[in-house]
Amino acid sequence: MDRTERFYKIQRLLTQRKFVPRDTFIEELGISRATLKRDLAYLRDRMLVPIEWDRDQNGYYLEKQGGASQAFQLPGLWFSAEEVHALLTMEQLLERLQPGLLAQQVRPLRERIRKILGTGDYAADEVSRRIRILQMGARTVEPANFQALASALLSRRRLKIRHYRRGTDETMDREVSPQRLVHYRDNWYLDAWCHVRRALRTFAADAILEARILARSARDIPDKVLDAALAPGYGIFAGAAVETAVLRFEPVRARWVSRENWHPQQEGGFELDGAWLLRVPFSDPRELVMDILKYGGDVEVLAPATLRLAVKEAIAAAATHYQD
């Protein structure tokens with residue numbers, strides 16, 4: 001039983017019985033005395049549930065107000081931040097789907113999501129109107145190409161792709177064995193084994209100009225190898241060789257950054273003056289440099305020297321546009 005279920009069961013026990021002994025709560029909820037104490041304190045202090053303790057009756061009860069027992073009801077919406085984000089994101093994505101082969105399958109799914117959103121005292125339309133999920137910076141992927149990527153990935157076939165490299169403004173042909181499709185920061189990426197480079201590579205799906213499924217079977221890379229090669233470093237363009245970036249954020253900016261999650265293995269701590277020192281593993285610096293630059297003068301790269309130089313050069317290049 002999760003915490004939300006416990007809260008509703010506590011409410012039900014209190015409204016059904018005049019007094020509820022502590023042991024009854026513990027037995028019905030299957031929790032420890034310490035957990036019960038925390039739950040009751042949360043309901044009192046945060047949800048303003050008028051729970052009181054009667055020493056003579058040796059039990060908890062709902063306080064009488066105005067001469068009658070208050071019929072207190074917990075709010076109907078008990079979603080966590082992650083649950084609200086997931087439900088609304090799914091609902092918005094399904095709404096954007098154009099009529100097609102999946103129309104009949106998608107309709108009941110969307111209706112089910114909206115029913116969940118409308119759980120309790122709030123209508124789904126009100127939830128959608130009051131809570132917004134903004135998706136910024138998404139790049140369009142050619143539908144036929146994405147279908148080819150997904151089909152080859154799941155049928156374990158190789159792909160012949162024509163990929164546009166934005167950094168060098170050139171187009172290259174590659175034969176790849178698709179391993180994973182990754183949705184990251186509102187965009188799709190393909191993790192694949194490149195048979196030309198004989199190494200794992202990540203391709204932005206929107207930069208794949210053509211994709212053709214081949215008859216040859218794809219080479220399978222074990223999940224452990226994929227994770228070791230692509231997961232350790234910062235950002236989508238990861239790699240096996242990992243360095244540690246040491247970033248110092250000014251005290252004012254530290255109030256925000258100290259609560260941000262940049263990487264699962266990050267380490268951070270406040271300095272005496274209130275600055276935030278953040279250590280982040282990375283392999284490919286491209287995305288990390290862009291994220292550092294958005295903080296302007298509120299951050300300094302302390303290490304390594306190569307990353308510090310890359311940021312310095314990027315700042316110098318930007319400054320040339322503002323010399324008038």
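Is Glu-83 buried, exposed or partly exposed? Glu-83 counts as partly exposed, because its relative accessibility is 39%, where buried means under 20% relative accessible area, exposed over 50%, and partly exposed in between (1.4 Å probe, protein chains only). The model is predicted: local features need pLDDT of at least 70, side-chain atom pairs count only at pLDDT 80 or more, and totals for chains, interfaces and linings use all residues. Residues are numbered from 1 along each chain as its sequence is written, and side-chain values use heavy atoms, with hydrogens and water left out.

**Helices**
- Glu-83 belongs to helix H4, residues 81-96; helices (H or I, at least four residues) and strands (E, at least two) are DSSP runs, numbered from the N terminus.
- Helix H4 also holds Leu-93, which is partly exposed at 40% relative accessibility.
- Between Leu-93 and Leu-153 the C-alpha to C-alpha distance is 22 Å, with 60 residues separating them in sequence.
- Asp-39, in helix H3 (residues 33-45), is buried, with a relative accessible area of 2%.
- Beyond its neighbours within four places in sequence, Asp-39 is in contact with Arg-3, Arg-6, Phe-7, Ile-10 and Ile-31; contact means heavy atoms within 4.5 Å.

**Backbone geometry in loops**
- Most residues other than glycine have a negative phi, and most peptide bonds are trans.
- Asn-58 has a positive phi near 55° and sits in the loop between strand E1 (51-54) and strand E2 (59-62).
- Arg-185 has a positive phi near 50°, in the loop between strand E6 (170-184) and strand E7 (187-194).
- Ala-303 and Pro-304 are joined by a cis peptide bond, with omega about -5°.
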